[in-house]
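Hello,

Here is the structure I promised to send you. Have a look at it first, and then read on for what turned up in it.

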Amino acid sequence: MRSNSTRWAAAALLAATATAAGAQSTLGPSAFDDEVVPNYNPRRSGPPPPAIRLEIEREIVVPGPLAGTAPVVRADGSIALRGRDTEIAIPEGGTPTVTPRSPEAAVAAASADPWVYAAPGGRRRYRAFPDGRLVGERRCFLARDGWWRSWKIRVGAATPARPILFGRSLFFGAWDNRVYALRARNGHRLWATDVGDRVSLSLASWTGQVLPPGASEPRTVHLVLVVPDGSQGLLALDPFDGRRLTSLQPAQEAARFATAPGVTPDGRILVGVQGYAPGDARVVFVRVVPAQPPSRGKPAHGTP
């Protein structure tokens, strides 16, 4: 077994290393501006994603108003959705049922673990604090609570929603109208893109197969899905560089997307839509399809 002196020496060395790293990676309120931290990404190894569009497949009317959490598909195929003070269950092929949210459920939701854990083994975890701080930690037997801070950054705006981990990158939205991508390992910024309104809801990741027109084989497409506040749109961003690939507006006039997006096991996207009246709401099923090339129209008479 290690002696106490060896253990404490190792702890001191680790603390000094972590402090130095934290001092270098901790950014001030305005240090994430584009003029200070330009976007950075390695060269794309494969072809860019094909042209796509989002298409509403079907929708289910539910009683509103809706809360902002994403619809969830349960193991039995039913959909769970939260209203402001209710729990909404939609059986597969059935009629939605509404029950008041119990105090126990409200407490459980408020005390849910705010950390996002990396697989395998959950040896790293990440958290966004509402004041704009993002923190990455790793497991360490020398730390009092078993976790040691790897990096910390701060953006100049609130970050109320949990980040998402997609591959080796961490994505989150903020109230400065931006979606950010960081290297999960060290917190270095990859890109930041303006989506036109502040982002209060959680993001979602989507991966699926799309067959472009004229192609013989489908292409794998990766997306980061965003519902900005008040923008009435569902946005699909390229996780590589943050470029907006496509967007979708609700079919109903004066309606807006009001929940975070969710993704079903079969690759469909679920999102809640809130109508003008508080009780007018629905769950929309969205799928990713290839964009059709624009038609050239009929040539004029006598034109070859």
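Which residues are linked with Arg-44 in a network of salt bridges? They are Asp-238 and Asp-241, which together with Arg-44 form that network.

Before the details, please keep in mind that this is a predicted model, in which local features need pLDDT of at least 70 and side-chain atom pairs count only at pLDDT 80 or more, while totals for chains, interfaces and linings use all residues. Residues are numbered from 1 along each chain as its sequence is written, and side-chain values use heavy atoms, with hydrogens and water left out.

Salt bridges

Side chains of opposite charge can pair when their charged atoms come close. A salt bridge here is a side-chain nitrogen of Lys or Arg within 4 Å of a carboxyl oxygen of Asp or Glu. The structure holds 14 of them.

One of these joins Arg-44 to Asp-238, at 2.8 Å from N to O. Arg-44 sits in the loop between α1 (4–25) and β1 (52–63), and Asp-238 in the loop between β16 (234–237) and β17 (244–248), so this pair ties together parts 194 residues apart in sequence. (Helices, H or I with at least four residues, and strands, E with at least two, are DSSP runs numbered from the N terminus.) Asp-238 is buried, with a relative accessible area of 3%, whereas Arg-44 is partly exposed at 25%. For these words, buried means under 20% relative accessible area, exposed means over 50%, and partly exposed is in between, using a 1.4 Å probe and protein chains only.

Arg-287 meets Glu-55 at 2.7 Å, N to O. Because Arg-287 lies in strand β21 (residues 280–290) and Glu-55 in strand β1, the pair ties together parts that are 232 residues apart in sequence. Arg-282 meets Glu-59 at 2.9 Å, N to O; Arg-282 is in β21 and Glu-59 in β1, so parts 223 residues apart in sequence are tied together. Arg-282 is buried, with a relative accessible area of 14%, while Glu-59 is partly exposed, at 32%.

Aromatic rings

How many aromatic pairs does a search of the whole structure find? It finds five. In one of them, the rings of Phe-171 and Trp-191 have centres 5.8 Å apart and planes at 50°, so the pair is tilted. Phe-171 belongs to strand β11 (residues 169–173) and Trp-191 to strand β13, 20 residues apart, and the pair links these distant parts of the chain. To count as a pair, rings of Phe, Tyr and Trp (its six-membered ring) need centres within 6.5 Å; planes under 30 degrees apart are stacked, over 60 edge-to-face, and the rest tilted.

Arg-198 has its charged end over the ring of Trp-175, 3.9 Å from the centre. Arg-133 lies over the face of Phe-129, at 4.1 Å from the ring centre.

A loop to look at

Asn-186 is found in the loop between β12 (178–183) and β13 (189–194). Asn-186 is buried, with a relative accessible area of 15%, and its side chain reaches the backbone nitrogen of His-188 at 3.1 Å.

Happy exploring!

How values were computed
A polar contact is a pair of N or O atoms within 3.5 Å; within protein, one must be able to donate a hydrogen and the other to accept it, and residues adjacent in sequence count only if both atoms are side-chain atoms. A charge sits over a ring if NZ of Lys or CZ of Arg is within 6 Å of the ring centre and within 35 degrees of the ring normal.
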